[in-house]
Amino acid sequence: MSESKFLHIGTITLRDDVTDEQRKAFVEGLRGFDGAIPSLRSIQVFEDLGLSEGNGDIVFIATFDDEQGWREYSVDETHVSLVKKLIPAIAHKVFVQAKA
């Protein structure tokens, strides 16, 4: 049996006035976490296809070994710095922590 992983899953809705370039930078910023934060094992970032009204714009799944790894990521300067830059573009966000 494989060891469980700790997941941090987020759905983000961007403000209506966010440009395509800003959206691309947002997605690339999230993808840039991969390999940049020691406790982060992987991050997958997806953009909504726009098939249903009311969906979020971006979803990510970040994987850690355990809760402690997620807590370390939460205060890592790379994470904190990018979040400060991205917050103005966010209209709504929902995060979930789960075990897989």
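How many helices and strands are there in the protein chain? There are three helices and four strands, where helices (H or I, at least four residues) and strands (E, at least two) are DSSP runs numbered from the N terminus.

**Figure 1. The whole protein chain, in a predicted model.** From the N terminus on, the elements follow the order β-α-β-β-α-α-β. The radius of gyration is 14 Å, close to the 13 Å that the globule rule gives for 100 residues, so the chain is as compact as a globular protein of that length; the radius is taken over C-alpha atoms, and the rule is 2.2 Å times the number of residues to the power 0.38. Along the principal axes, the C-alpha atoms fill a box of roughly 45 × 30 × 20 Å. Of the 100 residues, 33% are buried, a word that here stands for under 20% relative accessible area, with exposed being over 50% and partly exposed in between (1.4 Å probe, protein chains only). Among contacts with a separation of 6 or more, 71% join residues 24 or more positions apart, a contact being heavy atoms within 4.5 Å.

Residues are numbered from 1 along each chain as its sequence is written. Because the model is predicted, local features need pLDDT of at least 70 and side-chain atom pairs count only at pLDDT 80 or more, while totals for chains, interfaces and linings use all residues, and side-chain values use heavy atoms, with hydrogens and water left out.

**Figure 2. The largest pocket, with a volume of about 250 Å³.** Of the 16 residues that line this pocket, Phe60, Tyr73, His79, Val83 and Phe95 are the closest to its centre. A pocket is an open set of points on a 1 Å grid over the protein atoms alone, where a 1.4 Å probe fits, with protein on both sides within 12 Å along at least five of seven lines, and lining residues have an atom within 4 Å of a point. Grid points are joined across faces, edges and corners, and the volume is the space filled by probe spheres set on them. At least two lining residues come from each of strand S1 (6-14), helix H1 (20-31), helix H2 (67-75), helix H3 (77-86) and strand S4 (90-99). By class, the lining has 12 nonpolar, three polar and one charged residues, where Ala, Val, Leu, Ile, Met, Phe, Trp, Tyr, Cys and Pro count as nonpolar, Asp, Glu, Lys and Arg as charged, and the others, Gly among them, as polar.

**Figure 3. The second largest pocket, with a volume of about 190 Å³.** Its lining includes Thr13, Arg15, Asp16, Asp20, Arg23 and Asp57, and both S1 and H1 supply at least two of the lining residues. The lining divides into two nonpolar, four polar and six charged residues.

**Figure 4. Val27 in helix H1.** Val27 is buried, with a relative accessible area of 2%. Leaving aside residues up to four places away in sequence, Val27 touches Val45, Glu47 and Ile58.

Figure 5. Phe64 is buried, with a relative accessible area of 0%, and, not counting residues up to four places away in sequence, its contacts include Phe6, His8, Leu40, Trp70 and Tyr73. The C-alpha atoms of Phe64 and Lys99, 35 residues apart along the chain, are separated by 9.6 Å. Thr63 is also found in strand S3 and is buried, with a relative accessible area of 14%.
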